[in-house]
Amino acid sequence: MASAEGQQHPLTIYWYMWIALFVLSGFSYATDFMDQGYLRWSLIVTLMLLKACGIIFIFMHMGWERRALKLAILVPPVFICVLIWLMAIEADHTWLTRIEFFGESTFVPEAMPHHD
Amino acid sequence: MSEAAVTGSGEVLAEGGKGFVQDFSADRQAFHVPWGKAMMWIFLLSDTFIFSCFLVSYMKVRMSTTDPWPNPSEVFGLEVAGVSVPLLLIAIMTFILITSSGTMALAVNMGYRKDKKKTFWLMVATAALGASFVGMQAFEWTKLIMEGVRPWGNPFGAAQFGSSFFMITGFHGMHVSAGVIYLLVVANRVRTGFYERRGDNYEIVEIAGLYWHFVDLVWVFIFAFFYLW
């Protein structure tokens, strides 16, 4: 077997990662109190990617794996960006077509959830 | 930090780019990890594409609808002592899932230390946290259904909100439920000494852990795109 010892790392790494995930999630939650805009959206994505990298590289031990496994698993998801790009174009087209043929939305909210 | 990988015949493998070429051109084993771990990673890669399809289709319907999108901050808000707190339940669920990821990481570590008792109890704790997550999700679904949210429409805005919500969180909840069962089965086998007798190195705990961390990973993306956006 290649690495008979398996993935053995000092416990402190996991504690720090755990605390980091809590703090980053706290910041993520805090973005909900911000106004909509590029600052809020970029913070949501940045915090999301930081948490994702922490989970993949530390908790899932990907950082310590050999490059063959790293590239085989981490490169294919990059191509999802192509799907996102194509679907964003498609969505714009659908939206314009709807506006063109059905006009502006006439939706009137029947009720909003009551939490006050 | 990575220790040099050694093949069964004692050959030391190169690192980095040279190692990558060596692994793929050696005309034999490409991934120098237990086969179960390589297969779990490949399964998780395929699952990544499934969840991506859901999230991308959610983006597509949200961008293309002319109706206003319901504000998740209000829809998922909870009232505590007369004060409305946005996304409260979702925040609690997020922290529960992170906590369970931490206990799972410790369980994997204890497994490699051959500490059967701690591994067992940490895995049971992980499963219990996962089960409470599913319970809260059931509560959330019930609340939304009572308020009139359906896969084909809802009183708050665009009809696509309901279909995206039930599809994405339902599929994720199913993964968590399956993970709870998977963890309990492995934990029980750790307790009874099944892996010890088979001479395994508790890699199965790490493989189960990979699945569990992936479930947490998917939630990070759902939380960002569905609840916060």
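What follows is a short chat about how to read some features of this predicted model.

Visitor: Before we start, what are the ground rules for this predicted model?

Guide: It is a prediction, where local features need pLDDT of at least 70 and side-chain atom pairs count only at pLDDT 80 or more, while totals for chains, interfaces and linings use all residues. Residues are numbered from 1 along each chain as its sequence is written, and chains are lettered from A and ligands numbered from 1 in the order in which they are written.

Visitor: How many helices and strands does chain B have?

Guide: Helices (H or I, at least four residues) and strands (E, at least two) are DSSP runs, numbered from the N terminus. Chain B has 8 helices and 2 strands, in the sequence order α-α-α-β-β-α-α-α-α-α. Its C-alpha trace spans about 65 × 40 × 25 Å along the principal axes.

Visitor: And where do the domains of chain B fall?

Guide: Domain bounds come from an automatic or database domain assignment. In chain B, domain 1 is 1-32 and domain 2 is 33-228, and their centres, taken over C-alpha atoms, are 34 Å apart. Chain A is split into domain 1 (1-65) and domain 2 (75-102), with 29 Å between the centres over C-alpha atoms.

Visitor: How should I read a pair of packed helices?

Guide: Two packed helices are described by the angle between their axes and the distance between the axes. Axes are lines fitted to C-alpha atoms, for helices over the stretch in contact, and angles run from 0 to 180 degrees between N-to-C directions. Take helix 4 (residues 88-112) and helix 5 (residues 116-146) of chain B: their axes come within 8 Å and cross at roughly 160 degrees. Therefore helix 4 of chain B is roughly antiparallel to helix 5 of chain B (under 35 degrees is roughly parallel, over 145 roughly antiparallel, 65 to 115 roughly perpendicular, the rest oblique). By class, the residues of this helix 4 and helix 5 contact are 15 nonpolar, 9 polar and 2 charged. Here Ala, Val, Leu, Ile, Met, Phe, Trp, Tyr, Cys and Pro count as nonpolar, Asp, Glu, Lys and Arg as charged, and the others, Gly among them, as polar.

Visitor: At what angle do helix 2 and helix 6 of chain B pack?

Guide: About 170 degrees, with the axes of helix 2 and helix 6 (residues 160-192) of chain B 10 Å apart. So helix 2 of chain B is also roughly antiparallel to its partner, helix 6 of chain B. Among the residues that meet are Phe54(B) and Tyr58(B) from helix 2, and Met167(B) and Phe171(B) from helix 6. The contact of these two helices has 7 nonpolar, 2 polar and 1 charged residues.

Visitor: How many residues of chain B are in contact with chain A?

Guide: Two residues are in contact if their C-beta atoms, placed from the backbone, lie within 7 Å. On that count, 66 residues of chain B are in contact with 58 residues of chain A. The largest share of chain B's side, 11 residues, comes from helix 8 of chain B. By class, that side has 35 nonpolar, 21 polar and 10 charged residues.

Visitor: Is Asn71(B) buried, exposed or partly exposed?

Guide: A residue is buried if 20 or more other C-beta atoms lie within 10 Å of its own, exposed if 12 or fewer, and partly exposed in between, with C-beta atoms placed from the backbone. Asn71(B) is partly exposed, because 15 other C-beta atoms lie within 10 Å. Asn71(B) sits in the loop between helix 2 and helix 3 of chain B. Across the whole of chain B, 41% of the 229 residues count as buried.
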